[in-house]
Amino acid sequence: MMNSMIFKCVLLMVLSCRYTIAETKTEYPKKNTYIIHMDKFNMPSSFNDHLQWYDSSLKAVSESAEMLYTYKHVAHGFSTKLTAQEAELLANQPGILSVIPEVRYELHTTRTPEFLGLAEKTSTHAISSDKQSEVIVGVLDTGVWPELKSFDDTGLGPVPSSWKGTCETGNNFNSSNCNKKLVGARFFAKGYEAAFGPIDLKTESKSPRDDDGHGSHTSTTAAGSVVSGASLFGYASGTARGMAPQARVAVYKVCWIGGCFTSDIAAAIDRAIEDGVNVLSMSIGGSVTDYSRDIIAIGTFAATAHGILVSNSAGNSGPSEASVSNVAPWITTVGAGTIDRDFPAYITLGNGKKYAGVSLYNGKLPSNSAVPLVYAGNVSSLSSGRLCTKDSLISSKVSGKIVVCERGGNPRVEKSLVVKKAGGIGMILANTAEYGEELVADSFLIPAAALGQKESNEVKKYAASTPNPTVKIEFGGTHLGVQPSPVVAAFSSRGPNLLTPKILKPDLIAPGVNILAGWTGAVGPTGLSVDKRHVSFNIVSGTSMSCPHVSGLAALLKGAHPEWSPAAIRSALMTTSYTSYKNGQSIKDVATGLPATPFDYGAGHVDPVAALDPGLVYDATVDDYLSFFCALNYTSSQIKLATRRVYTCSKRKTYRVEDLNYPSFAVPFDTSSGIGGGSNAPTTVQYKRTLTNMGTPPAIYKVSVSSKSPSVKIVVEPEILSFKEVNEKKGYTVTFTASSMPSGTNSFAFLQWSDGKHNVTSPIAFSWT
Ligand SMILES: *[C@@H]1O[C@H](CO)[C@@H](O)[C@H](O)[C@H]1NC(C)=O
Ligand SMILES: *[C@@H]1O[C@H](CO)[C@@H](O)[C@H](O)[C@H]1NC(C)=O
Ligand SMILES: *[C@@H]1O[C@H](CO)[C@@H](O)[C@H](O)[C@H]1NC(C)=O
Ligand SMILES: *[C@@H]1O[C@H](CO)[C@@H](O)[C@H](O)[C@H]1NC(C)=O
């Protein structure tokens with residue numbers, strides 16, 4: 001049986017995807033990889049050690065099954081390949097907590113330091129680079145291209161003594177590829193090979209080497225060294241550097257051409273904890289399932305419990321509502337915004353109208369004069385022709401013309417190849433309503449430009465209005481100072497949080513559109529096999545790109561405040577982020593052109609300089625997360641699965657998700673049961689929070705609430721908190737009294753504590769469901 005599967009974007013990068021995998025083997029009966037959690041606290045006394053116990057449990061159901069990995073921190077247990085029947089048998093053995101089938105996940109910068117206010121002076125002044133260089137950022141991704149200048153270790157001191165990791169040897173990679181910047185590199189392929197068979201060494205390296213580009217991009221964004229004269233074909237030229245240029249990088253390759261498998265991800269997190277990373281960056285798509293069965297949630301919990309801040313991408317499924325993934329409350333979930341840089345391309349129609357799009361094309365122009373224009377939907381043999389899908393265009397109608405192709409369906413750069421193959425000489429990539437005015441720049445192989453929805457409609461209208469439409473494309477290089485910026489990217493995944501509606505996600509946004517950072521030498525900037533160009537830097541977009549910005553900034557904060565917990569660092573990043581432009585207008589959503597909301601940007605856009613000195617933080621410990629599980633009515637065995645801890649919720653205590661010490665507020669009102677609606681009586685709910693003073697005492701903070709919501713009354717008690725010591729904690733309650741509103745209504749407010757010097761701001765999102 002030949003089963004051809006086309007995977008969707010495997011990385012949370014809004015780039016072209018070239019993951020076309022032909023599955024030729026079928027095994028009978030089919031075996032899949034499972035992750036087995038054992039009950040560490042109940043190992044029968046007949047066993048001497050855990051490995052022996054695992055082995056015996058496994059052998060009881062399958063003679064041939066071998067362990068892929070054993071886990072220590074993420075789970076107490078192992079992974080192995082089993083038939084469905086064997087898995088069921090195993091689940092019923094004594095001492096087995098769960099048998100979870102493996103999931104395949106999708107992986108979901110010159111300008112950004114300036115855009116974030118991290119110009120050279122500010123950062124060196126505020127953050128001692130000695131301390132920054134003690135911080136190690138672990139990146140779970142597609143590996144690394146170690147020859148990049150971004151991994152130059154000139155000027156860095158010795159590798160921190162806390163580091164216990166290593167540089168693994170494999171194809172095209174050995175220990176000499178690591179240095180004082182790239183301090184560790186490992187690869188995890190057992191789950192991948194269990195699913196797809198042995199890695200084809202002709203197409204990918206069985207080693208930490210990056211054959212894709214994504215991992216080199218994310219790791220250099222987080223902590224790449226300073227490289228002057230960086231650009232992509234002259235676009236975005238300048239000095240490139242990661243957010244924490246003194247911090248160290250350790251890469252964990254878990255994503256392969258066929259995807260990222262949870263057995264590999266769990267093993268990598270396990271090792272990263274053991275190795276001693278301080279920050280973990282994961283631009284990998286997760287699911288939104290019960291925390292006790294979600295390997296990313298379980299793994300990141302273990303990391304957080306070890307004091308590691310975990311930053312995850314929110315996903316590229318926007319602008320649909322409730323599309324955010326990686327929602328566990330110990331994760332920092334990052335959405336994407338634009339920066340103030342653009343790569344304009346000008347489209348002049350035969351009627352004299354001129355429109356601005358974007359492009360990273362750097363080749364020759366087809367002609368200096370106007371050429372014929374056609375709409376793909378009218379020169380195609382297929383109904384999907386308007387998208388310029390493979391072999392859909394009729395050569396005789398396309399030859400020598402510029403073709404309007406609609407965005408969506410197949411990868412953007414692939415469309416330009418389809419046009420080229422049919423004899424077309426250029427392309428206009430037309431946004432549809434789904435993408436609005438969001439423009440993502442690509443290094444097309446033919447003259448081409450991306451155009452917003454409104455202007456695309458004008459171009460199509462013009463093409464239909466005249467028998468011989470013509471067009472001219474010109475390219476404008478790099479343009480800085482684009483306003484307004486940031487705007488929320490259309491692709492950035494949105495709240496509300498479907499799994500736990502009382503926790504607001506995403507947490508914040510960071511730059512994720514048209515980001516310049518390091519690239520692999522194995523493939524060209526488009527990732528297409530026909531693209532033979534080689535670049536050290538590439539410009540790509542996605543929440544995959546915004547996530548490592550926050551990882552790097554978290555490393556800056558960790559360097560400045562080594563004693564801060566992951567929750568304190570996240571709180572500082574969130575409560576100091578901003579939600580409006582300098583002129584006071586709210587940050588916009590490019591998908592609608594309207595003001596964005598906390599469901600789009602969480603607490604707002606990250607402001608790292610302010611985050612260094614947040615005044616107060618909302619801290620949280622493992623105990624707080626255990627109480628959170630009690631509030632979700634988790635059983636002891638579910639808690640054990642999620643946290644590897646034996647914990648029994650007290651019968652006498654009231655646990656409430658509302659009281660998890662989170663830096664933002666999500667307040668859902670259930671209209672169906674009459675709460676906050678149905679009956680006309682107002683509903684009252686209370687949330688509790690605790691603030692910790694991180695600033696210089698004494699400090700007196702006053703609360704203020706800005707509400708755009710006439711339907712909810714907000715009362716904070718007490719209204720003044722005074723702190724006499726560093727690390728002193730003070731609690732408060734917020735009472736929300738809501739009138740009834742129709743189901744589907746959302747409204748928003750902000751709660752701010754201020755001492756005149758520090759603003760500690762939390763978003764509030766109300767929803768009537
Ligand atoms: C690592 O690879 C390089 C380049 O192939 C080679 O020169 C070097 O000897 C290798 N080092 C080790 C330790 O194997
Ligand atoms: C496509 O073809 C139809 C039918 O000939 C025509 O009415 C329409 O205007 C064309 N549209 C464009 C955008 O060229
Ligand atoms: C947990 O159980 C309590 C008591 O049965 C119930 O009131 C509460 O709504 C439940 N919470 C959740 C999140 O299901
Ligand atoms: C704090 O926020 C207020 C508005 O609520 C603003 O006027 C003030 O400038 C802010 N202060 C700082 C230090 O950002």
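Trainee: Which helix is T304 found in, and is T304 buried or exposed?
Mentor: T304 is found in helix 9, residues 295-305; helices here are DSSP runs of H or I with at least four residues, strands are E runs with at least two, and both are numbered from the N terminus. Buried means under 20% relative accessible area, exposed means over 50%, and partly exposed is in between, with a 1.4 Å probe and protein chains only. At 11% relative accessibility, T304 therefore counts as buried.

Trainee: Before we go on, what pLDDT do local features need in this model?
Mentor: Residues are numbered from 1 along each chain as its sequence is written, chains are lettered from A and ligands numbered from 1 in the order in which they are written, and side-chain values use heavy atoms, leaving out hydrogens and water. This is a predicted model, in which totals for chains, interfaces and linings use all residues, side-chain atom pairs count only at pLDDT 80 or more, and local features need pLDDT of at least 70.

Trainee: Thanks! Which residues is T304 in contact with, leaving aside its neighbours within four places in sequence?
Mentor: Contact means heavy atoms within 4.5 Å. With those sequence neighbours set aside, the partners of T304 are V310, W330, P566 and Y625.

Trainee: Y625 is in helix 17, I see. Why is helix 17 described as largely enclosed?
Mentor: The buried residues of this helix are V622, Y625, L626, S627, F628, F629, C630 and A631. They pack against helix 9, helix 14 and helix 18 (636-643). Helix 17 spans residues 622-631, and it is largely enclosed by the rest of the structure because the buried count is 8 of the 10 residues.

Trainee: How many Å apart in space are I503 and L660?
Mentor: I503 belongs to the loop between strand 27 (487-488) and strand 28 (508-511), and it is buried, with a relative accessible area of 2%. Residues that I503 touches include F628, V657 and L660. In sequence, I503 and L660 are 157 residues apart, while C-alpha to C-alpha the spacing is 8.7 Å.

Trainee: Which residue does a cis peptide bond join to G495?
Mentor: The bond runs on from G495 with omega near 0 degrees.

Trainee: What area is buried between domain 2 and domain 3?
Mentor: By an automatic or database domain assignment, domain 2 is 121-340 + 487-589 and domain 3 is 344-465. Their centres, taken over C-alpha atoms, are 33 Å apart, and the contact takes 18 residues from domain 2 and 16 residues from domain 3. Buried area is the accessible area (1.4 Å probe) that two parts lose on being put together, summed over both. Carbon and sulfur atoms give 63% of it here, and the area is about 1300 Å².

Trainee: How much of the accessible area of ligand 4 does the protein cover?
Mentor: Ligand 4 is surrounded by Q752, K757 and N759, each with a heavy atom within 4 Å of it. An oxygen atom of ligand 4 lies 2.9 Å from a polar side-chain atom of Q752, and an oxygen atom of ligand 4 is 2.3 Å from an N or O atom in the side chain of N759. Accessible areas come from the Shrake-Rupley method with a 1.4 Å probe; for residues, only the protein chains shown count as cover. Of the 360 Å² that ligand 4 has on its own, the protein covers 30%.

Note on methods:
A polar contact is a pair of N or O atoms within 3.5 Å; within protein, one must be able to donate a hydrogen and the other to accept it, and residues adjacent in sequence count only if both atoms are side-chain atoms.
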